[in-house]
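The following account concerns the fold of one chain and its interface with a partner. Please consult the sequence and coordinates alongside the text.

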Amino acid sequence: MNRNNTSDYLGHLVFVLAILLGVPAALGFDGFELNTFARYLSLAIVAAALALSWGTAGILNLGQAATFGIGAYVMAMHLKLVASAGNPDGLPDFMGWNNVTSLPWFWQPFQSLGATLALGLALPALMAWAMGIFMFRARITGVFVAIITLAFLVALQLWFIEEQRFTGGQNGLTGLAPLDLFGWQVDTYSLGFYYLVAGCLIAALALGTLILRSKVGLVLRAIREDSQRVRYFGYDVAGYETFVFSTSAAIAGWAGMLYALVLEFASPTYIGVAFSLAIVIWVAVGGRESLVGAAVGAILVNLAEGRLSDLFVESWLLILGVGFILFVLFLPRGLYGLLRQGFDRLARLRMRAAGRDVKPQESAR
Amino acid sequence: METIINQIFAGASLASILLMVALGLAIIYGAMGVINLAHGEFVMLGAYVTWALQSFLGMGLLAALPIVFVTIAAIGWGVERSIVQRLYRRPLDTILATWGIGIVLQQLVRMGIGPESRFIAGPGILSGNTSFGNVVLSNYRIFVLVFAIGVFVATWALLAKTEFGRKLRAVIQNREISECYGIRAEKVYALTFAYGAGLAGLAGALISPLVNTTPSMGTYLVVDAFLVVVVGGVGSIFGTAVASGIVGETTAFFSMLLNDTVGRIGVLVAIIFFIRFRPQGLLPQIVRR
């Protein structure tokens, strides 16, 4: 356990240093490049959120994009209201086109930045909490969780497109104002904004790791291995599952808020099946057992997409698909599992060199 | 009155399409526990093979059906042998791998044939409508409905009456013991997967005159079909048939009362509740564990 921790902490340190110093230096502090990388970092947050529920508790949430999208819409609604301040009644333009005459009540709270930031975390968390109670109390597991979350995602996206009067429909929310963060006018092409996103990523990872290292994390891993046995020990399995599901949703909402800031619009594609499964792909590539691994997976896949899709415009998706199949077949634990295996082998060699007899340790699955 | 009959028929038509798509999925899921998210792409390939036969060889849709079935079954067989067979011990991972397969197939078609929507003509002898009093029904949709029922009966007979079906049922119940009796389980699995894929191809060919044929047409079909399979009950093709009927008619009914999108949302929410309270489905298979 201690040995594992040492290499993990080392890995975390390398990751944090790379994000804070390595990346900006490698990009030459170029505003455009920093903005692109900030987008990858916000996607890394949602990947870590999925790893928290999938890798730890074995809850495969195919609807993670739902919570992400709600976060994005919350932020976009605030920025849209700021941008529409000059209009009569502060009414956003698309509402006028759809014959909405006054601002609906559920748009009102987003006038305030504080309420927006709080709701961006609370709305996804509340939604996931309700779903968690709904599913986990009935001991729904595995494939059925995947199906229910997927069906929910499709329904939510249809609803967002249908309610064009209030959500902008297929176009989403565009023409947003820049964020005024307590007096700081956020320029999304600046180093300061990059550090804001990077700080959020590191904070989210720290929060997640804290949960994983605590007793809660231990119980969650036990639930992943055998929920029935954990129940016999008297733990409230549904309660733990709901907790991690909602926490993951809140973090995903957080990521969504940042994503809407980076791209300066919110669109129903954020709540789409393709995007949701893309998140699953990133996590599987990086390694579902490790939050940092999942984050790295998201960054690498998106980086590859950014670089390769220029070179291979047509075949990029083909490369992604084939690569993903190979990962699932041969590296089911992702890049993290590969590293872990390497570290374990190294440690074993060192111990053998020191003349100590050690049994090969079965690493956690 | 006419509106109601028309809506019932619209629901039945939708149900027949759902049944065609879901039947192959149900067999694959029931037999091997594999959630085949590439199933929608098999449907898409079926539609494109029909298109190719029609525009390059001038073959009619009906004549193309057997060729489509065999072609897509062969593709399914290849996919099972190369990828899916390695994942039988990791059922959740099959979701991921088959999604990857879906991306690859979609992209291959997009690159090879192009992203634009293709037109496929329905069979000439089935054009036109049949009217009963004031109720007007499209001949082609009636044909699809009858055909789907025919395929369902054939599939049932295959499972219940043939030696292959007996072997498959034995392997589903207990793979190890059936292997002791000399049944080649992997061969049975590969053929089952191929058959399921072939059915998807047939579905694609049949729906191609009714929908837009594009490389991404499979994505939403597979979600719908999968919901139907789960509602019907794992491993029960009768359940799948009943569930397609219910989902098709409910969608048509909601769409009449509200509108298409709200109807779809309503059905999805109803399905979520159904799975929550009855995850074993409508007609669960009784199995000894």
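The paragraphs below treat the conventions, then the fold, the surface and the interface.

This is a predicted model, in which local features need pLDDT of at least 70 and side-chain atom pairs count only at pLDDT 80 or more, whereas totals for chains, interfaces and linings use all residues. Residues are numbered from 1 along each chain as its sequence is written, chains are lettered from A and ligands numbered from 1 in the order in which they are written, and side-chain values use heavy atoms, with hydrogens and water left out.

Chain B contains eleven helices and two strands, taken as DSSP runs (H or I, at least four residues, for helices; E, at least two, for strands) numbered from the N terminus. Along the sequence, the pattern is α-α-α-α-β-β-α-α-α-α-α-α-α. Chain B is as compact as a globular protein of its length, because its radius of gyration of 19 Å is close to the 19 Å given by the globule rule for 289 residues; the radius is taken over C-alpha atoms, and the rule is 2.2 Å times the number of residues to the power 0.38.

Of the 289 residues in chain B, 52% are buried, meaning under 20% relative accessible area (1.4 Å probe, protein chains only).

At the interface, 37 residues of chain B are in contact with 40 residues of chain A, contact meaning heavy atoms within 4.5 Å. The area buried between the two chains is about 3,600 Å², with 82% from carbon and sulfur atoms; buried area is the accessible area (1.4 Å probe) lost by two parts on being put together, summed over both. Within chain B, the residues that lose the most area to chain A are B:Leu96, B:Ile272 and B:Arg276, together 18% of what that side buries.

Definitions and conventions. Buried < 20%, exposed > 50% of the residue type's maximum accessible area, 1.4 Å probe, protein only.
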